Amino acid sequence: MPPDTPHATPRYPLAIVGAGALGLHFAARLAAVGPVALVARSEARAAELRAGVPVGDAIFRADAFGPDHLPTADWVIVLVKTYDTAAAARTALALRPRGVVSLQNGLVEDVLRGVCAGLPVGQGITTEGAFRDGAGVKPAGAGETLLPPGFEAVAALLGQAGIVARVEPQIVAARFAKLLMNVVINPLAAIFRVPNGAVLEPPQRPLFDALLAEAWPVLRAEGLALGEAEARERVIAVARATGANRASMLQDVLAGRRTEIEAITGSLLAMAGRQGVELPTHRAVAALVGVIEAAGRPGA
Ligand SMILES: NC(=O)c1ccc[n+]([C@@H]2O[C@H](COP(=O)([O-])OP(=O)(O)OC[C@H]3O[C@@H](n4cnc5c(N)ncnc54)[C@H](OP(=O)(O)O)[C@@H]3O)[C@@H](O)[C@H]2O)c1
């Protein structure tokens, strides 16, 4: 129900904060089988979303809300870019939910926990894909969504919508496995402006090997469950399987947008710092992405 009639707005079983590529993709799937609230950054964007935007081949008219006319919801999924997490978490809290879960890349659970103190919060992972296309969104392939224990109800709602989702008891290990992919593939794709598969080829390959060799021991010490050889095989397999895709960090750089380098490589560097380990190659790629990002911003 649109916020034109806020007093009549029902409590939603699920809300998504962040009406971008993945948020719209998930909301459109969920809305086909039940009510879902989609929270946009502004009232103006919420009005556009209520009027309808293309999601895949169809026009999706969302139950969309801006920050000033929020409904309530049982569960909230946060799907903003990592640098917007704190603001999105404040919005999530205002929905008076039973729990808040992120499916963002990078590591953001501490930010969520800081804002939503006292509520169950968690961070899962998803390999669902979607990208922005004008005012709308195009799906970029189905994947799997893993949620932390305690978010069984969210897994069930996603499952009803045909999104492959389950609670993963070893969610910390799964998150570190995803982070390993992201710290190795994303910065190289963005710096060299190549599709994922090319990070395995020269001249990217020596850097790929160095990033992997530096990251593995740090993540392993934090709870990554993969041995070194298995981790290497997994990252190579993902780079090959998504060989023609443009990593999100490359898409951000090409579009002149801010990247998620701080929540991805920055999280790894923070862990390494706590362990007293230097990661010179990761530090170098983070600096390079920062320079590329700044140069690409409007007015640079
Ligand atoms: N896209 C994928 O295939 C994919 C796959 C796996 C994981 N992820 C992760 O999922 C997260 C979202 O990615 P995305 O590709 O969907 O990003 P996106 O297209 O940039 O969407 C993010 C959306 O959040 C909105 N937003 C920002 N702050 C907000 C706030 N305080 N309240 C409400 N909405 C707010 C943004 O609005 P504006 O447009 O006004 O900024 C934007 O529409 C990222 O962490 C990404 O790494 C994405």
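1. How much space lies in the second largest pocket? In this predicted model, about 410 Å³ of space lies there. The lining of the second largest pocket consists of 20 residues, and those that lie nearest its centre are L107, V108, E109, D110 and S267.

2. The second largest pocket can also be described by the elements and domains that form its lining. At least two residues of that lining are supplied by each of α4 (109-115), α6 (171-192) and α10 (261-275), and α10 gives the most, with six residues. Both domain 1 (6-167) and domain 2 (171-296) contribute to the lining of the second largest pocket, with at least three residues drawn from each.

3. As for residue classes, the lining of the second largest pocket is made up of nine nonpolar, four polar and seven charged residues.

4. The structure also holds one cavity of 30 Å³ or more, and the space in the largest cavity comes to about 40 Å³. Its lining is formed by T82, Y83, R258, T259, E260, I261, E262, A263 and E293, with the largest share, three residues, coming from α10. Sorted by class, the lining of the largest cavity has three nonpolar, two polar and four charged residues.

5. Turning to the ligand, which residues come nearest to it? Of the 23 residues around the ligand, these are L22, R41, N105, R132 and E260. E260 also belongs to the lining of the largest cavity.

6. With A130, the pair is formed by a backbone N or O atom and a nitrogen atom of the ligand, at 2.9 Å. Taken alone, the ligand exposes 900 Å², of which the protein buries 83%.

7. The shell around the ligand receives two or more residues from each of α1 (21-31), α3 (85-94) and β10 (130-133). By class, this shell has eleven nonpolar, six polar and six charged residues.

Methods. Residues are numbered from 1 along each chain as its sequence is written. This is a predicted model: local features need pLDDT of at least 70, side-chain atom pairs count only at pLDDT 80 or more; totals for chains, interfaces and linings use all residues. Side-chain values use heavy atoms; hydrogens and water are left out. A residue is near a molecule or strand if one of its heavy atoms lies within 4 Å of it. A polar contact is a pair of N or O atoms within 3.5 Å; within protein, one must be able to donate a hydrogen and the other to accept it, and residues adjacent in sequence count only if both atoms are side-chain atoms. Accessible areas come from the Shrake-Rupley method with a 1.4 Å probe; for residues, only the protein chains shown count as cover. Helices (H or I, at least four residues) and strands (E, at least two) are DSSP runs, numbered from the N terminus. Ala, Val, Leu, Ile, Met, Phe, Trp, Tyr, Cys and Pro count as nonpolar, Asp, Glu, Lys and Arg as charged, and the others, Gly among them, as polar. On a 1 Å grid over the protein atoms alone, a cavity is a set of points where a 1.4 Å probe fits but cannot get out, and a pocket is an open set with protein on both sides within 12 Å along at least five of seven lines; lining residues have an atom within 4 Å of a point. Grid points are joined across faces, edges and corners, and a volume is the space filled by probe spheres set on the points. Domain bounds come from an automatic or database domain assignment.
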